[in-house]
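The following exercises concern the reading of a protein model. Please study the sequence and the structure before working through each solution.

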Amino acid sequence: MSARRNALLFFALAVVWGSAFVAITAGLEYFPPVLFAALRYDVAGIVMLAYAYFATEQPLPRGRDQWRVVAVAAVFLIAAYHALLFVGQQHTTSATAAIVVSLSPVLTTGFARLILPQERLTPIGLAGLGLGVVGVALIARPDPDALLAPDAVGVPLIAGAAAAFALGSVLTRRAETGLPTITMEAWAMVVGAAIMHAGSLAMPGESIADVSLTAEALLAIGYLSLVASAAGFMLYFALLDRLGPIEVNLVSYVAPIVAAVVGWLLLGETVDAVAIVGFGTIAVGFALVKRRAIAAELAALRA
């Protein structure tokens, strides 16, 4: 029963996070991108703070070290990741965005090997990291004659978002402050939303006057804030305790499938064969960089 429950929670998380890419694409019709991301985390941050006060014994960071890790998470995991993702997704499909974001677990391992002294990247691990980059290149398929065209910047921006998330994951893991993860995430959402609001105000192409508050717009931001962010992170924390980080990371490889199906059903989006090959290349890269951890997990399952 426990294994079936874990499988259902994992599938629910994949559906929630995969469909979030479709909600972003839909909502970008009504919001400027960075402002859209900021508003999403205004709501999600308030919900997660309330949850932190209910679920943890320390809902407020204490001391300089704990606030520092909140700042790192706010800058990299929330502000940089989502601002780049939302801006980039204006120029590509939701499924393609989800595929490129699946590079994040590969990059996380690469950054860990560079930053954490106890980690080492073997030649096979380097090959896996290289395959991840090749996979993104296959998806982007840069045309030298159109490198500055608006549609050409989408995939590189989303790859930058994946890199920001990966770096933030490693930096927050490195900082062992004793701050509960839920508290860190909640405050990171609030601070990250404030950073994105400041960025939106500084961008000449963004204005609150450009927001169109239709029913579809409210549905998109409500789904992203309450379901994909608040409920999604609660599901993630539950699975992290039950399965561990290796198996939970695999949700990054199920989410693009969900995004492709939901994007096709709701928005008429399609994914071409080269993008599918790129996704497979990224997945193989992940298997190489995480081969020992995956082998250990499989041995534990057999036992």
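**Exercise 1.** Which residues in α3 meet which residues in α8?

Solution. The model is a predicted one. Step one: locate the two elements, helix α3 at residues 63-88 and helix α8 at residues 181-202. Step two: list the contacts. On the α3 side they involve Trp67, Val69, Val70, Ala73, Ala74, Val75, Leu77, Ile78, Ala79, His82 and Ala83. On the α8 side they involve Met184, Glu185, Trp187, Ala188, Met189, Val191, Gly192, Ala193, Ile195 and Met196. Step three: sort this contact by class, which gives 18 nonpolar, 2 polar and 1 charged residues.

**Exercise 2.** Describe how the axes of α3 and α8 are arranged.

Solution. The two axes come within 7 Å and cross at roughly 55°. Therefore α3 is oblique to α8. The handedness of the crossing of α3 and α8 is right-handed.

**Exercise 3.** Is Gln66 buried or exposed?

Solution. Gln66 belongs to helix α3. Its relative accessible area is 8%, and the cut-off for buried is under 20%; therefore Gln66 is buried. Leaving aside residues up to four places away in sequence, Gln66 touches Gln58, Pro61, Thr177, Gly178 and Leu179.

**Exercise 4.** Why is helix α4 largely enclosed by the rest of the structure?

Solution. Helix α4 spans residues 94-101. Its buried residues are Ser94, Ala95, Thr96, Ala97, Ala98, Ile99, Val100 and Val101. Because 8 of the 8 residues are buried, α4 is largely enclosed.

**Exercise 5.** State the average pLDDT of the protein chain.

Solution. The average is 83, and 83% of the residues score at least 70. Over residues 143-149, however, the pLDDT is below 50. Where pLDDT is low, predicted coordinates should not be read in detail.

Methods:
Residues are numbered from 1 along each chain as its sequence is written. This is a predicted model: local features need pLDDT of at least 70, side-chain atom pairs count only at pLDDT 80 or more; totals for chains, interfaces and linings use all residues. Side-chain values use heavy atoms; hydrogens and water are left out. pLDDT is the predictor's confidence in each residue, from 0 to 100. Contact means heavy atoms within 4.5 Å. Buried means under 20% relative accessible area, exposed over 50%, partly exposed in between (1.4 Å probe, protein chains only). Helices (H or I, at least four residues) and strands (E, at least two) are DSSP runs, numbered from the N terminus. Axes are lines fitted to C-alpha atoms, for helices over the stretch in contact, and angles run from 0 to 180 degrees between N-to-C directions. Angles under 35 degrees count as roughly parallel, over 145 as roughly antiparallel, 65 to 115 as roughly perpendicular and the rest as oblique. A crossing is left-handed if the near helix is turned anticlockwise from the far one by less than a right angle, and right-handed if clockwise. Ala, Val, Leu, Ile, Met, Phe, Trp, Tyr, Cys and Pro count as nonpolar, Asp, Glu, Lys and Arg as charged, and the others, Gly among them, as polar.
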